[in-house]
Protein chains: 2
Amino acid sequence: MKRSYHHGDLRQAILDATLDIIDSDGLDAVSLRAVARALRVSEAAPYHHFASKQDLLAVLAANAYAAFGQHLAEAISAAGPDPYERLRALVQAYVRYGLESRGRYRLMFGEHMLELATYPAVVAAGRPTRLILEESVAACVGPGRSDSVGLENTVWALAHGITSLVGEAEIPTGSNADAIDRLSEVAASVLIGGIRAHVQAGLC
Amino acid sequence: MKRSYHHGDLRQAILDATLDIIDSDGLDAVSLRAVARALRVSEAAPYHHFASKQDLLAVLAANAYAAFGQHLAEAISAAGPDPYERLRALVQAYVRYGLESRGRYRLMFGEHMLELATYPAVVAAGRPTRLILEESVAACVGPGRSDSVGLENTVWALAHGITSLVGEAEIPTGSNADAIDRLSEVAASVLIGGIRAHVQAGLC
DNA sequence: GTCTATAGCGTGATAGAC
DNA sequence: GTCTATCACGCTATAGAC
């Protein structure tokens with residue numbers, strides 16, 4: 001019986017269906033009614049598994065961090081031993097992923113996160129991803145340096161800024177992957193040069 | 001007669017009331033019905049002056065660029081003659097304004113701009129603001145350099161990234177203005193160091 | 001414990017009367 | 001130029017069937 005969602009299958013089916021909608025039609029296309037329709041279930045059914053649309057998105061956002069973090073970690077590993085080259089690869093991979101999976105990226109870092117920031121589970125799930133950022137920056141500035149949280153946030157903000165502005169078509173690239181890579185490349189170079197100078201000046 | 005909106009007063013009243021809502025309750029609080037209620041006018045009345053909510057927001061977004069650009073220009077002027085110090089002031093002013101006027105900032109650079117990017121008037125209105133960015137970067141790299149569009153976008157992305165992440169509480173600052181300024185300061189320093197290195201390497 | 005049916009309310013948008 | 005319906009659709013809560 002395909003539609004026997006009793007015994008807990010519906011919860012996972014809702015998560016899967018919502019992710020499908022996010023990937024195919026974008027984050028804004030998500031509505032609990034659309035999810036219910038896709039699963040041929042009543043409009044109220046999802047509410048027995050998620051108290052609100054926000055709760056559902058919070059779970060999905062928490063899940064999404066794992067895939068994102070793993071993607072970044074792999075890109076860093078493939079970049080070799082030099083910490084600055086690894087940082088460059090991190091920025092490049094961050095932007096690429098954010099634009100190729102725009103729905104999921106917005107799910108994790110979009111404007112609705114102001115409300116989702118109140119979910120401890122979401123915040124906790126995002127921590128490993130930020131740890132990758134921290135480690136990447138720490139590897140550049142060297143051990144024993146004083147806190148480099150400002151640098152980490154700078155790296156993050158730059159990667160997020162490119163992803164957002166290109167994703168919103170404010171920086172026009174015509175979805176040209178090469179143009180996006182070039183922009184990431186320039187940004188990463190500036191970042192690396194800036195961090196080098198910052199470290200040499202003993203500001204960190 | 002206070003409520004004689006005939007003869008075109010209503011259009012301006014709608015623009016004013018919407019901006020009031022954006023400033024006081026945020027961009028998400030805007031609805032044409034709320035605007036109509038505030039003006040004690042029927043729910044359908046706004047539609048005779050703006051074909052859709054998007055059209056209304058597009059007009060406001062176009063208007064908002066002027067104030068933002070002027071704010072940035074003033075901050076740059078007050079920073080003295082050194083182009084790098086002016087760039088630092090630009091970043092600082094950008095982030096401050098974006099967070100102090102978060103509703104207006106999202107109106108100009110938020111996620112809904114993907115749709116508004118199709119409005120030629122909006123794109124045109126945003127150009128002067130981007131010109132300020134271009135000139136600020138050009139003043140650093142010096143005249144006669146080849147195109148520095150990558151650097152401009154890098155500066156913009158960093159400023160936008162900080163504004164977004166702090167605004168969405170992803171980078172926690174507790175609305176502490178000093179913490180925000182410190183972050184902008186570090187980011188601007190990295191940016192300046194990176195651009196200097198970029199220029200010295202002859203990459204621009 | 002799981003799902004359906006229904007209803008309340010807010011929103012964007014349109015048609016036709018004044 | 002404005003108003004009074006009216007429709008379609010979204011989120012959410014509640015009552016009740018199984």
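Because the model is predicted, local features need pLDDT of at least 70 and side-chain atom pairs count only at pLDDT 80 or more, while totals for chains, interfaces and linings use all residues. Residues are numbered from 1 along each chain as its sequence is written, chains are lettered from A and ligands numbered from 1 in the order in which they are written, and side-chain values use heavy atoms, with hydrogens and water left out.

**Stop 1: the largest pocket**

Select D28(A), R106(A), E111(A), D28(B) and R106(B), which lie nearest the centre of the largest pocket among its 26 lining residues. A pocket here is an open set of points on a 1 Å grid over the protein atoms alone, with protein on both sides within 12 Å along at least five of seven lines, whereas a cavity is a set of points where a 1.4 Å probe fits but cannot get out; lining residues have an atom within 4 Å of a point. Grid points are joined across faces, edges and corners, and a volume is the space filled by probe spheres set on the points; for the largest pocket that volume is about 760 Å³. Now colour helix 3 (53-77), helix 5 (102-109) and helix 6 (113-116) in chain A and in chain B, the elements that each give two or more residues to the lining of the largest pocket. Helices are DSSP runs (H or I, at least four residues), numbered from the N terminus. The lining of the largest pocket comprises 9 nonpolar, 5 polar and 12 charged residues, where Ala, Val, Leu, Ile, Met, Phe, Trp, Tyr, Cys and Pro count as nonpolar, Asp, Glu, Lys and Arg as charged, and the others, Gly among them, as polar.

**Stop 2: the second largest pocket and helix 9 of chain A**

Move to D147(B), V149(B), G150(B), L151(B) and N153(B), which lie nearest the centre of the second largest pocket, lined by 25 residues. Helix 9 (177-200) of chain A contributes two or more residues to this lining, as do helix 7 (120-141) and helix 8 (149-167) of chain B. The volume of the second largest pocket is about 540 Å³, and its lining has 11 nonpolar, 7 polar and 7 charged residues.

Follow helix 9 of chain A along its 24 residues: the distance from its first C-alpha to its last is 34 Å, close to the 34 Å expected at 1.5 Å a residue, the expected span being 1.5 Å times one less than the number of residues.

**Stop 3: the cavities**

The count comes to 3 cavities of 30 Å³ or more. For the largest cavity, of about 220 Å³, select S164(A), E168(A), E111(B), S164(B) and E168(B), which lie nearest its centre among 25 lining residues. Its lining divides into 5 nonpolar, 12 polar and 8 charged residues.

The second largest cavity has a volume of about 70 Å³, and its lining includes Y65(B), Y94(B), F109(B) and W156(B). Helix 7 of chain B supplies the largest share of this lining, 4 residues.

**Stop 4: A169 in both chains**

Select A169(A), in the loop between helix 8 and helix 9 of chain A, where phi is near 65°, a positive value in a residue other than glycine. Most residues other than glycine have a negative phi. In chain B, A169(B) also has a phi near 65°.

**Stop 5: aromatic pairs**

Over all chains there are 18 aromatic pairs, counted when ring centres of Phe, Tyr or Trp (its six-membered ring) lie within 6.5 Å; planes under 30 degrees apart count as stacked, over 60 as edge-to-face and the rest as tilted. Show F68(A) and Y105(A), an edge-to-face pair with 6.3 Å centre to centre and 80° between the planes. F68(A) belongs to helix 3 of chain A and Y105(A) to helix 5 of chain A, 37 residues apart. F68(A) is buried (under 20% relative accessible area, against over 50% for exposed and in between for partly exposed, with a 1.4 Å probe and protein chains only), at 0%.
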